[in-house]
Amino acid sequence: MADIISCPSGLTGRIRGMKVREERVLSDRKLAKSGGQVSELLSACWEELLEAGPYVFSDGKMDWGRVLQGDRFFALLQVRVLTYGPEYVFAVPCQNAACRARIDWELDLTQLPVRVLSGDSRESFVSGNRFETTLPDAGKRVRFKLLTGEDERRLPQLQRTAPEKLLSSVLAYRVLDVDGVDARDKRRFIEDLTLRDADYLVDEFDRVDCGVDTTLEVECPECFLRQEVELPFDRGFFLPGQARTARRRERSTSSPT
């Protein structure tokens with residue numbers, strides 16, 4: 001089954017659901033380690049480019065490494081919907097330390113809020129992927145970029161090399177330059193930011209970007225605590241049959257005999 005989708009930036013094309021041969025991509029540990037699984041999967045399921053949106057592709061051939069992270073995730077959701085349908089069932093533990101009950105939740109993936117790329121953001125992206133803002137505490141004007149597929153492939157390496165400094169590493173990667181700060185001192189400047197400035201900067205990233213809002217509110221069936229969770233995005237997202245089998249096995253081994 002194939003369908004025409006229009007991504008948040010205006011990128012439009014024809015995609016299909018996954019076939020059995022795509023399991024190779026999902027089980028490829030080398031691709032997983034390098035961060036290349038998403039691009040491989042999208043390349044396999046993307047059948048035709050109809051409108052390039054803000055992108056310029058050589059010879060009209062799709063290059064998922066140049067596509068914004070928000071577009072990539074949106075397209076990935078549509079591939080999943082075409083493959084299994086819009087319903088997605090998952091389980092998360094209750095965040096209440098006195099409860100920790102299992103919360104089974106179901107949602108319609110087509111109902112997740114989508115943020116489109118604004119006209120101003122499109123212009124800034126096309127003009128070199130440079131965005132500006134001023135930090136409230138530091139008073140410095142900074143320029144930053146939106147993440148693309150090429151950036152997605154580099155982020156796992158950042159996480160592995162400095163797991164204890166993940167926030168500063170990601171901020172340093174996305175910030176292009178800071179007024180009055182030498183390029184050699186950028187990393188130190190970012191590590192000296194107040195957390196208020198860091199939060200503000202992350203909010204600015206989201207404000208000018210496009211994509212899908214994956215923050216969900218769920219309710220515990222035991223203690224009734226309403227809590228925010230992130231949409232689980234793991235192997236079970238693309239192979240729900242295997243995930244259900246694993247959950248059944250987990251329940252059977254934990255049941256009293």
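How much space lies in the largest pocket? I find about 1400 Å³ in the largest pocket, where a pocket is an open set of points on a 1 Å grid over the protein atoms alone, fitting a 1.4 Å probe and with protein on both sides within 12 Å along at least five of seven lines, and the volume is the space filled by probe spheres set on the points. Its lining (residues with an atom within 4 Å of a point) has 41 residues, of which Gln 69, Phe 73, Glu 152, Leu 155 and Phe 233 are the closest to the centre.

I keep in mind that this is a predicted model, in which local features need pLDDT of at least 70 and side-chain atom pairs count only at pLDDT 80 or more, whereas totals for chains, interfaces and linings use all residues. Residues are numbered from 1 along each chain as its sequence is written, and side-chain values use heavy atoms, with hydrogens and water left out.

Next I looked up salt bridges (a side-chain nitrogen of Lys or Arg within 4 Å of a carboxyl oxygen of Asp or Glu) and found 20 in the whole structure. One of them pairs Asp 179 with Arg 143, with the closest N and O atoms 2.3 Å apart. Because Asp 179 lies in the loop between β9 and α8 while Arg 143 lies in strand β8, this pair ties together parts 36 residues apart in sequence.

I then checked burial (buried is under 20% relative accessible area, exposed over 50%, partly exposed in between, with a 1.4 Å probe and protein chains only): Arg 143 is buried at 11%, whereas Asp 179 is partly exposed at 36%.

Key. Helices (H or I, at least four residues) and strands (E, at least two) are DSSP runs, numbered from the N terminus.
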